[in-house]
Amino acid sequence: MISLDFNLNVLTRDLSLYLENQVKVGLFGSGVLSLVLGFSAAYAYYYLISVAKKPQLISGGKKFYQFLRDQCPVVSETYYPTFWCWESRIQTVLRPFVTAKPGVSYRNELIRAADGGQISLDWFDNDDSASHPNSATRPTVLLLPGLTGTSRESYILHMVQQSRELGYRCAVFNNRGVSGETLLTPRTYCAANTEDLEAVIEHIQRANEDAPLMAAGVSMGGMMLANYLGKKGRETCLKGVVVFSAGWDVFACTASLEKPLDRFLFNSYLTSCLQAGVDRHKSVLEKSYDIDHVMKAKTIREFDERFTSIMFGYPTNDDYYHDASPIHKLKSVQPFQWRQ
């Protein structure tokens, strides 16, 4: 771990002495080396002062705040992003190319939904668990991927790997039509509608009645999970929930994605991924929606206006975005019963 306990004046003095006493050997000699050293020192200083920071921990009460600090010390430790790649957008772009994928073998299960559709659930049973050898009581973690993600995403596989080390069982909730299964009805998914998630949670709970059930959602999966908690309140059977990188306000998220750089890096790509899913199930969806109009969308907002909000019966896309924003449901999320 990098220490912040250093004196910039000492660093500057030592660097100056080096520059004053160096042997000048031309542009490609010590002059270039001096330039590199100077830039490296400035980069390290900026990284330690402006980039590496402690997270801001917010909780509903002092008792729970102290519980988190004691039991989850990582929430109060300084976060040191990758030294050579700390900018969030660059990390997002490079992640698929530099992140290893742990080997995970799933057991797939297709669940029939109330409307006749089917939901794909991928299980990692972890039958070799040493800490929880009894399958009946082995804790289960339900994982929800992002907007177009599946159980094969690298971040999901790493979460499964961490759960494996803890001795837990995992179940990955794949949204309709994204993981290779046939779309049986002209309906996919959205962040506001939690019917499929509720069906999956009830199914897992019935299959493992004596096992505690927890959940973790990433990006849109986190939004759906937060909206579910706001809807269910204390009625949920979940014993613990964590949400990563969720968009709390969809209006703000889409506005950010429509800025020139983010539109170039992310918006167009995500829109094309959503359209690819529509095209893959065109034979089912074209009976209910104008697919040609949907395929001409250039942004996620346009895609939602032409497809998602219509599919789930919203009068306008703004009505859908308001309903999909977890920020409006946070007050309805009830605290879990926990013991210190």
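Mentor: Start with the largest nonpolar core, which holds 46 residues. Within that core, L121, L142, F173 and L197 touch the most other members. This is a predicted model, so read every distance here as a property of the prediction. The biggest contribution to the core comes from helix α7, residues 220–232, which supplies six residues. There is also a second, separate core of 13 residues, and Y106, I156, L157 and V172 are among them. As background, nonpolar side chains in soluble globular proteins tend to be buried together.

Now take L197 and list its partners beyond four places in sequence. They are L142, L144, F173, M224, L225 and Y228. Two of these, L142 and F173, are themselves among the residues that touch the most other core members. M224, L225 and Y228 belong to α7, and each is buried.

Look at α7 itself. The helix has 13 residues and spans 18 Å from first C-alpha to last, close to the 18 Å expected at 1.5 Å a residue. It is mostly covered, with twelve of the 13 residues buried. The buried set includes glycines G221, G222 and G230, along with N227 and K232. After the helix comes G233, with a positive phi near 60°.

E181 sits in the loop between β4 (169–174) and α6 (195–207). E181 is buried but has no salt bridge. The nearest side chain of opposite charge is that of R176, 7.6 Å away.

What does the E181 side chain meet instead? One of its polar atoms lies 2.6 Å from the backbone nitrogen of G177. A polar contact of 2.7 Å also links the side chains of E181 and S179. Setting aside residues up to four places away in sequence, E181 touches L110, Q118, S120, N175, R176 and H281.

Finally, the whole chain for scale. The protein has 13 helices and six strands. Of its 340 residues, 39% are buried. Among contacts between residues at least 6 apart in sequence, 68% join residues at least 24 apart.

Definitions and conventions: Residues are numbered from 1 along each chain as its sequence is written. This is a predicted model: local features need pLDDT of at least 70, side-chain atom pairs count only at pLDDT 80 or more; totals for chains, interfaces and linings use all residues. Side-chain values use heavy atoms; hydrogens and water are left out. A nonpolar core is a set of buried Ala, Val, Leu, Ile, Met, Phe, Trp, Tyr and Cys residues joined through side-chain atoms within 4.5 Å. Buried means under 20% relative accessible area, exposed over 50%, partly exposed in between (1.4 Å probe, protein chains only). Helices (H or I, at least four residues) and strands (E, at least two) are DSSP runs, numbered from the N terminus. Contact means heavy atoms within 4.5 Å. Lys and Arg count as positive and Asp and Glu as negative; His and the chain ends are not counted. A salt bridge is a side-chain nitrogen of Lys or Arg within 4 Å of a carboxyl oxygen of Asp or Glu. A polar contact is a pair of N or O atoms within 3.5 Å; within protein, one must be able to donate a hydrogen and the other to accept it, and residues adjacent in sequence count only if both atoms are side-chain atoms. The expected span of a helix is 1.5 Å times one less than its number of residues.
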